Amino acid sequence: MKPRKCGERTHMALTKDPNIINNIVQATGCITVSQVSRIFPAKNDKAIHALLGQLYNQKYISFIENDYIVPYRKGESSRESILCTWVMLDQNEEANVGINISTELNMIHQSEFPAQFIYVHDNKLCEICYIYEGNTANLQFLQRTVQQRITEEGMEDYQCIIVVEDTSVIEKIEAINFAIPIIIAHVKVNGELFREPDIEYYK
C-alpha cells in the first residue's frame, strides 16, 4: 500500500444511489437538487438531502447557492449543462429521448466538445449539446466531428440532441444538411433553472 501524502483526500466506497448521483455530476458538470429528486422519485426531500449530504461530507460534490451541484471544488453553475440534463430526464414518450431512470442511469458519461455529455437510451448512443445564437458555428464543427466518428467507428445506433432556447437557432439548424440523426429540443425556462422547463421537440 502506498503511503498517503499529507493533505491528500481519500474516498469511502459509495453505495448505489450516491454513486449514481456522483457519476451524473462528474459527467454533466452541474445539476440541480430538483433534478436529483427527479432521478429518485420515490425518495422524499429528507432522503434526497441525506444522499447529497453524504456526497458532500465525503468531498465528492460541492454546492453553489444551495440549488446547484458541481464536482468537489470544481466548476460553476452551468446553464448549458442544467438544460441538457432536463432534456435527458424528460419522459415525453413521443420524443423518446429521456433516459430510463430504472435501467439507464449508469450509462451517462462525459463527451467531447461541443457536446455536453453522452448517454445511452433505448440502445442508442445519445450525444447532447447546447447551441445559442452566439455559438452557431459549433453546428458545423459538431457535424464534421460526429460524422467522422460515425465513419471511423461505424456507430449505427446514434442520435444527436441539440438543445436551444432561441427559435431563430432552430431555423439555422434546419438550414444545415446534417448527415447525422438530429433531434432539436426547444427549451422554455420557467423562471429559475432548478424549475422543470417546458420542452418542445423537432425532428
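This is a predicted model: local features need pLDDT of at least 70, side-chain atom pairs count only at pLDDT 80 or more; totals for chains, interfaces and linings use all residues.
S7 pairs in the parallel sense with strand S6 (residues 124–130) over 6 bridges, and Glu127 stands opposite Cys160 of S7. A parallel pairing over 5 bridges also joins S7 to strand S8 (residues 182–188), where Ala185 stands opposite Val163. Together with helix H6 (residues 167–174), S7 and S8 make a right-handed β-α-β unit.

Helix H4 (residues 79–89) has 9 of its 11 residues buried and is therefore largely enclosed by the rest of the structure; among the buried residues are Trp86, Met88 and Leu89.

A search of the whole structure finds 3 salt bridges. In one of them, Glu165 and Arg79 have their closest N and O atoms 2.9 Å apart. This pair links distant parts of the chain, since Glu165 lies in the loop between S7 and H6 and Arg79 in helix H4, 86 residues apart. Glu165 is partly exposed at 24% relative accessibility, and Arg79 is likewise partly exposed, with a relative accessible area of 37%.

Another salt bridge joins the side chains of Asp17 and Lys43 (3.2 Å, N to O). Asp17 lies in helix H1 (residues 16–28) and Lys43 in the loop between helices H2 (33–39) and H3 (45–57), so the pair ties together parts that are 26 residues apart in sequence. Glu196 forms a salt bridge with Arg38, with the closest N and O atoms 2.5 Å apart.

Notes
Residues are numbered from 1 along each chain as its sequence is written. Side-chain values use heavy atoms; hydrogens and water are left out. Two strands pair if DSSP finds at least two bridges between them. Helices (H or I, at least four residues) and strands (E, at least two) are DSSP runs, numbered from the N terminus. A crossover is right-handed if, with the strands pointing away from the viewer, the path from the first strand over the helix to the second runs clockwise. Buried means under 20% relative accessible area, exposed over 50%, partly exposed in between (1.4 Å probe, protein chains only). A salt bridge is a side-chain nitrogen of Lys or Arg within 4 Å of a carboxyl oxygen of Asp or Glu.
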